[in-house]
Amino acid sequence: MKAVVQRVTSGSVTVNGELISSIGRGIVALIGIHRDDTPKEMEYIVRKLVNLRLWDDDQGRRWAKSAKDLGLEILCVSQFTLYHTMKGNKPDFRQAMGGDQSKEFYDKFLLEMKKAHAEDKIKNGVFGAMMDVAL
C-alpha cells in the first residue's frame with residue numbers, strides 16, 4: 001500500500017458536481033493498493049495515517065501531534081494510479097490490485113481506519129469514480 005498525505009485546512013471530494021465528502025482541518029490521503037498487499041500492509045498504513053505527527057503541540061514544538069491526538073478528520077481517496085509504471089506513452093497499472101478485490105480491500109481499510117481513530121472522523125470518496133479532489 002501507498003499513501004500520499006497532505007495536511008489540509010479543508011478538503012473535499014466531488015463526483016459529477018455533487019459533494020460527496022468534506023473535512024475541515026486534517027489529512028487528505030490518496031490510497032494506492034498493490035496487487036500483493038495483505039492485511040499486514042494495511043495495518044501498517046492505518047497505524048501510520050492515524051498517528052502521523054504533522055502538527056505543533058501547545059508549546060509550539062513542531063511535528064508533535066497527530067490527527068488522532070487532535071481529533072482531526074482524515075479524508076481517504078482511493079487512487080489506483082499510485083501503482084503505475086510508464087510504458088512508452090501509456091501508463092501500465094498491472095502493479096495495482098484488480099477492481100473487485102481492491103474494492104473489498106479498500107472497504108476493509110476504511111473499517112480499520114474508523115476503529116483506529118473514530119468513525120465520524122474518517123471520510124471517503126467514491127471508489128472507482130472520477131473524483132474531483134480539493135485540497
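Helix α1 comprises 13 residues (39-51) and spans 18 Å from its first C-alpha to its last, close to the 18 Å expected at 1.5 Å a residue, where the expected span is 1.5 Å times one less than the number of residues. Helices (H or I, at least four residues) and strands (E, at least two) are DSSP runs, numbered from the N terminus. The model is predicted, so that local features need pLDDT of at least 70 and side-chain atom pairs count only at pLDDT 80 or more, while totals for chains, interfaces and linings use all residues. Residues are numbered from 1 along each chain as its sequence is written, and side-chain values use heavy atoms, with hydrogens and water left out.

In α1, Met42, Ile45, Val46, Leu49 and Val50 are buried, that is, under 20% relative accessible area, with exposed meaning over 50% and partly exposed in between (1.4 Å probe, protein chains only). The buried residues of α1 pack against elements including β1 (2-8), β4 (26-32) and α3, contact being heavy atoms within 4.5 Å.

An open sheet is formed by 3 strands in the order β3-β2-β11, with antiparallel pairing; two strands pair if DSSP finds at least two bridges between them. Its edge strands, β3 (18-23) and β11 (132-134), each pair on one side only. Strand β2 (residues 11-15) is joined to β11 by 3 bridges, and Ser12 has Ala134 as its bridge partner in β11.

Phe93 lies in the loop between β9 (90-92) and α3 (99-116). Phe93 counts as partly exposed because its relative accessibility is 30%. Beyond its neighbours within four places in sequence, Phe93 contacts Phe80, Thr81, Tyr83 and His84.
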